[in-house]
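Subject: Structure handover

Hello,

Here is the structure I promised to pass on. Please open it first, then read my notes below.

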Amino acid sequence: MRFPDYTATIREPLVCIRPGRGLVLRLSILLLTLIGLVAVGGVIWAEITGFNLNELPWIPRLALAGLLILSGMGIFKSIREEEVELKLAFYRDRLILSHDRHPSLWREDEPAMTTEILYKDVTGCIFSYRRLRVTLQTKGYTQTLAGEESRKKSGVFSFSTLKAPDVDFAELIRKHSPIRVTEKT
């Protein structure tokens, strides 16, 4: 493989699951979904039957509120933010973004991840100064998790530049690739 024309390394904050909390997170999300369905179903039932929800006893209301708080605490205690190193490698015809490890909300393991985006497939690039985020709109890109086969994806790929506020990513991308960058404030 040939060497990149330019490389940059930043720290990207990712929201991920705490070790050993996968089951708690899934159960909390399931409970939150069930509470939402019960609440919406109750409102629909009250509208159809003409029942006044203000006449509902306090015990069911408190039970739903307690379950809502319990599921919210389960989700809150199961997630964390972690900084991961992201390497951007600019080649003549492509941009390769590599994470040494890529934690996520749905996997407790942290495999390495590589994303390859051909410049010809990029339809737009937006750098948001307010959100400190680069968003690439593409016709397609290839994403590979360590130990798995490459997957072709399409649509939007973005990464956070929150931990590198002193780097002008709009200028960096313009200088080292043919991608046109739109800047948003």
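Which helices each supply at least two residues of the lining of the second largest pocket? They are α1 (22–49) and α2 (58–78). Before you go further, note that this is a predicted model.

**The second largest pocket**

This pocket has a volume of about 180 Å³. Its lining consists of Val38, Ala39, Gly42, Val43, Trp45, Leu53, Leu56, Arg61 and Leu64. Helix α1 gives the largest share, 5 residues. By type, the lining splits into 7 nonpolar, 1 polar and 1 charged.

**The largest pocket**

The largest pocket has a volume of about 530 Å³. Strands β1 (6–17), β6 (133–145) and β7 (151–160) are the elements that give two or more residues to its lining. Strand β7 provides the largest share, with 7 residues. In total, 25 residues line the pocket. Leu14, His102, Ser104, Met113 and Gln143 are the ones that lie nearest its centre. The lining is made up of 12 nonpolar, 7 polar and 6 charged residues.

**Helix α2**

Does its length agree or disagree with what its residue count predicts? At 1.5 Å a residue, its 21 residues should span 30 Å. The end C-alpha atoms of α2 are 30 Å apart, so the two values agree.

Now look around the helix. Ser71, Gly74 and Ser78 are buried in α2. Those three cover an arc of only 55° around the axis, which means that they sit on the same side of α2. The buried residues of α2 pack against β1, α1 and β2 (79–90). Turn to the face directed away from the buried side of α2, and you find the exposed residues Trp58, Leu62, Ile69 and Phe76.

**Helix α3**

Helix α3 covers residues 169–176. Phe169, Ala170, Leu172 and Ile173 are buried there. Seen down the axis of α3, the buried residues fall within an arc of 165°, so they line one face of the helix. Which elements do the buried residues of α3 pack against? They are β1, β2, β5, β6, β7 and β8 (181–184).

**Two residues to look at**

Start with tyrosine 6, found in strand β1. Leaving aside neighbours within four places in sequence, tyrosine 6 is in contact with Leu88, Ala89, Phe90, Leu172 and His176. Leu172 is also one of the buried residues of α3. Phenylalanine 76 is 70 residues from tyrosine 6 along the chain, and their C-alpha atoms are separated by 39 Å.

Then find leucine 132. Its place is in the loop between β5 (122–128) and β6. Leucine 132 has a relative accessible area of 18%, so it counts as buried. Its phi is near 50°, a positive value in a residue other than glycine.

**Where to begin**

Best wishes

Notes: Residues are numbered from 1 along each chain as its sequence is written. This is a predicted model: local features need pLDDT of at least 70, side-chain atom pairs count only at pLDDT 80 or more; totals for chains, interfaces and linings use all residues. Side-chain values use heavy atoms; hydrogens and water are left out. On a 1 Å grid over the protein atoms alone, a cavity is a set of points where a 1.4 Å probe fits but cannot get out, and a pocket is an open set with protein on both sides within 12 Å along at least five of seven lines; lining residues have an atom within 4 Å of a point. Grid points are joined across faces, edges and corners, and a volume is the space filled by probe spheres set on the points. Helices (H or I, at least four residues) and strands (E, at least two) are DSSP runs, numbered from the N terminus. Ala, Val, Leu, Ile, Met, Phe, Trp, Tyr, Cys and Pro count as nonpolar, Asp, Glu, Lys and Arg as charged, and the others, Gly among them, as polar. The expected span of a helix is 1.5 Å times one less than its number of residues. Buried means under 20% relative accessible area, exposed over 50%, partly exposed in between (1.4 Å probe, protein chains only). The arc is that of the directions from the helix axis to the C-beta atoms. Contact means heavy atoms within 4.5 Å.
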